[in-house]
Amino acid sequence: MKPVFSVVVPAYNEQEVLEQSYERLNAVLAGMGEPFELIFVDDGSKDATADILRRLASAHDNVRTLHFSRNFGHQVAVSAGVDVAQGDAIVIIDCDLQDPPELIPAMAEKWREGYEVVYGKRSQRDGETAMKKFTAWAYYRVLRALSGVPIPPDTGDFRLIDRRVADVLRGMKEHRRFLRGLFAWMGFKQTEVAFHRSRRFAGETKYTLKKMLRLASDGIFSFSDKPVSFILGTGAALAALGALWLLILLFVALAGHGNGLSALAALMVLLCGVIVLSLGVLGAYIARTYDETLGRPLYIVSERHGFPEEGEQFDK
């Protein structure tokens, strides 16, 4: 029977929480009284995640699992799950239980009212340091200011999307993806459901500082050309300032009050720093263009289990 709801759950080294995640998701979806499927995507885990998922798929008819050939990243894992989801509505949720499965019925109610994207908005965040909360708050405000599309603040990837939205996402093949930005860019009828975000049920976060910085840069560079505009404006302002400063140094030297070499050296260091920073920003855009021209698959699946028709290795 075709599912009404598909739940996509990316997993990377989550052996401590997978079974609890399944139990809570299954209980919530079963209580909704509609056919459903749970799609777990193993993002190249190094622990026992793959074995646990194989066991769940073998024991439960509503569990499907995809296993990547290596770690391709959280955003790609979510995309892979959406690619194979068969439901009329697809829920995206992490398996660490910080985003409560019990919120899914409220999201489904909004979907039945006609909303095509229903995202969870974090009203409170437990288990995070004050610095993490501040940087998250600041990042969303900066992103909103820079982006050409209105990305809702204080949201993650926890959301319900309609089949129409999922079909549009499946047609997007960009590699450096920032899903919450893509959903905002698509438009459609969207709304929020507020919730209290809990601390992790078990284990440790897999989002290292490096991964968070990369996700942040993807959000900015994929949805805004304002950094380039900023470089252009800064370059013009510094060029004018440099010309004025050189004239001042010339007049000072002619008046016999010193040659101003120290000030000139400081100005040169400043200008060199701005040039290097500008090249770095431009390089980030060029690197993204290069990634897209290679034409490599977004991900490679080495195994899949629990699907109505078992298949051999495939890529997307």
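Which residues is Ser45 in contact with, leaving aside its neighbours within four places in sequence? They are Ala11, Tyr12 and Asn13, where contact means heavy atoms within 4.5 Å. This is a predicted model, in which local features need pLDDT of at least 70, side-chain atom pairs count only at pLDDT 80 or more, and totals for chains, interfaces and linings use all residues. Residues are numbered from 1 along each chain as its sequence is written, and side-chain values use heavy atoms, with hydrogens and water left out.

**Ser45**

- Ser45 sits in the loop between strand S2 (36–42) and helix H2 (49–59); helices (H or I, at least four residues) and strands (E, at least two) are DSSP runs, numbered from the N terminus.
- Ser45 counts as buried because its relative accessibility is 15% (buried is under 20% relative accessible area, exposed over 50%, partly exposed in between, with a 1.4 Å probe and protein chains only).
- The side chains of Ser45 and Asp42 make a polar contact of 2.6 Å (a pair of N or O atoms within 3.5 Å; within protein, one must be able to donate a hydrogen and the other to accept it, and residues adjacent in sequence count only if both atoms are side-chain atoms).
- A polar atom of the Ser45 side chain lies 2.9 Å from the backbone nitrogen of Asn13.
- From C-alpha to C-alpha, Ser45 is 8.6 Å from Phe68, and the two are 23 residues apart in sequence.

**Asn62**

- Asn62 belongs to the loop between H2 and strand S3 (63–68).
- Asn62 has 15% relative accessibility, so Asn62 counts as buried.
- Not counting residues up to four places away in sequence, Asn62 touches Tyr22, Asn26, Phe36, Glu37 and Leu38.
- The side chains of Asn62 and Asn26 are joined by a polar contact of 2.9 Å.
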